[in-house]
Amino acid sequence: MRYADERAAVAEAAKELFDRGLVAGTSGNLSLQVEDDLVAITPHGTRYETMTAGQVILVDLEGAVVEGDLQPSVETAIHLRTMATRHDVRSVVHSHPVYASMFAVAHRPIRALIDEFVVECGAEVPCAEYAISGSDCLAEHVVEALGPYGRAALMVNHGLVVAHTDLDHCLALTANIDRTAQIVLGAETLGGAVPLPEEATNLFTTVYEYKVKEAKDET
Ligand SMILES: [Zn+2]
């Protein structure tokens, strides 16, 4: 089996996503770029609890199956198009976390109202325009919402997508975005979330963009 360790890492990350309640059932999907034209991606409709390395599919950047017996995720286009346009992105995780999905359903970007979060994610997690699940159009909207520096975008009426340098960063950011969404929602019920001072947002956004540029330079 080619790239057994990397495929095992994708299966492990999928289990962790499930165990942490960031997806339900067999929803969501994860990928890791193992070569310039080769991506390990979770299969369609397969239980995370028992997922094995052998069930993780290898596809090329056009989406053709290179190795694996199952069908790749229906959202494969989102993963491949993001990697094709953003060379710093080697891993993509699409999930349905409860609080982030509330913002997605309300078509509300998640504003970064905590300074440490700005450093990780920029000034906000923007909304990608709606398109039918699994369509090329949805992949285009996600790529557009991520832009040259984005690490995450909400898929409206659907869920969340995170694009990072590796699986661990994707998982950590997915969990942190959901936690931030929960905090912002709670603050709104307490009378309104108060934005960070503009200079703080600008300063931490600069740090964030520097980190993304650094990742781009390394690839
Ligand atoms: Zn989904």
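Student: What should I know before I start?

Tutor: Residue numbers start from 1 along each chain, as its sequence is written. The model is predicted, so local features need pLDDT of at least 70 and side-chain atom pairs count only at pLDDT 80 or more, while totals for chains, interfaces and linings use all residues.

Student: How many helices and strands are there in the protein chain?

Tutor: Helices (H or I, at least four residues) and strands (E, at least two) are DSSP runs, numbered from the N terminus. The protein chain has seven helices and ten strands.

Student: How compact is the chain?

Tutor: The radius of gyration is taken over C-alpha atoms, and the globule rule is 2.2 Å times the number of residues to the power 0.38. Here the radius of gyration is 17 Å, close to the 17 Å that the rule gives for 219 residues, so the chain is as compact as a globular protein of that length. Along the principal axes, its C-alpha atoms fill a box of roughly 55 × 35 × 30 Å.

Student: What share of the residues is buried?

Tutor: A residue is buried if 20 or more other C-beta atoms lie within 10 Å of its own, exposed if 12 or fewer, and partly exposed in between, with C-beta atoms placed from the backbone. By that test, 43% of the 219 residues count as buried.

Student: Which residues of helix 2 are buried?

Tutor: Helix 2 is mostly covered, with eight of its ten residues buried. These are Thr-76, Ala-77, Ile-78, His-79, Leu-80, Arg-81, Thr-82 and Met-83. Ala-84 also belongs to helix 2, but Ala-84 counts as partly exposed because it has 16 C-beta neighbours inside 10 Å.

Student: How do helix 2 and helix 5 pack?

Tutor: Axes are lines fitted to C-alpha atoms, for helices over the stretch in contact, and angles run from 0 to 180 degrees between N-to-C directions. Helix 2 (residues 76-85) and helix 5 (residues 136-146) pack at about 40°, and their axes are 8 Å apart. That makes helix 2 oblique to helix 5. Angles under 35 degrees count as roughly parallel, over 145 as roughly antiparallel, 65 to 115 as roughly perpendicular and the rest as oblique.

Student: Which residues meet there?

Tutor: From helix 2 come Ala-77, Ile-78, Arg-81, Thr-82 and Thr-85, and they meet Asp-136, Leu-138, Ala-139, Val-142, Val-143 and Leu-146 in helix 5. By class, this contact has seven nonpolar, two polar and two charged residues. For the classes, Ala, Val, Leu, Ile, Met, Phe, Trp, Tyr, Cys and Pro count as nonpolar, Asp, Glu, Lys and Arg as charged, and the others, Gly among them, as polar.

Student: How do helix 3 and helix 6 pack?

Tutor: Helix 3 (residues 98-105) and helix 6 (residues 167-189) pack at about 65°, with axes 7 Å apart. They are therefore roughly perpendicular to each other. In helix 3, Tyr-99, Ala-100, Met-102 and Phe-103 meet Ile-177, Asp-178, Ala-181, Gln-182 and Leu-185 in helix 6. The residues of this contact divide into seven nonpolar, one polar and one charged.

Student: What is the phi of Tyr-3 and of Asn-157?

Tutor: Most residues other than glycine have a negative phi. Tyr-3 has a positive phi of about 50° although it is not a glycine, and Asn-157, also not a glycine, has a positive phi near 55°. Tyr-3 lies in the segment before helix 1 (4-19) and counts as buried, with 20 C-beta neighbours inside 10 Å. Asn-157 lies in the loop between strand 9 and strand 10 and counts as partly exposed, with 13 such neighbours.

Methods:
Two residues are in contact if their C-beta atoms, placed from the backbone, lie within 7 Å.
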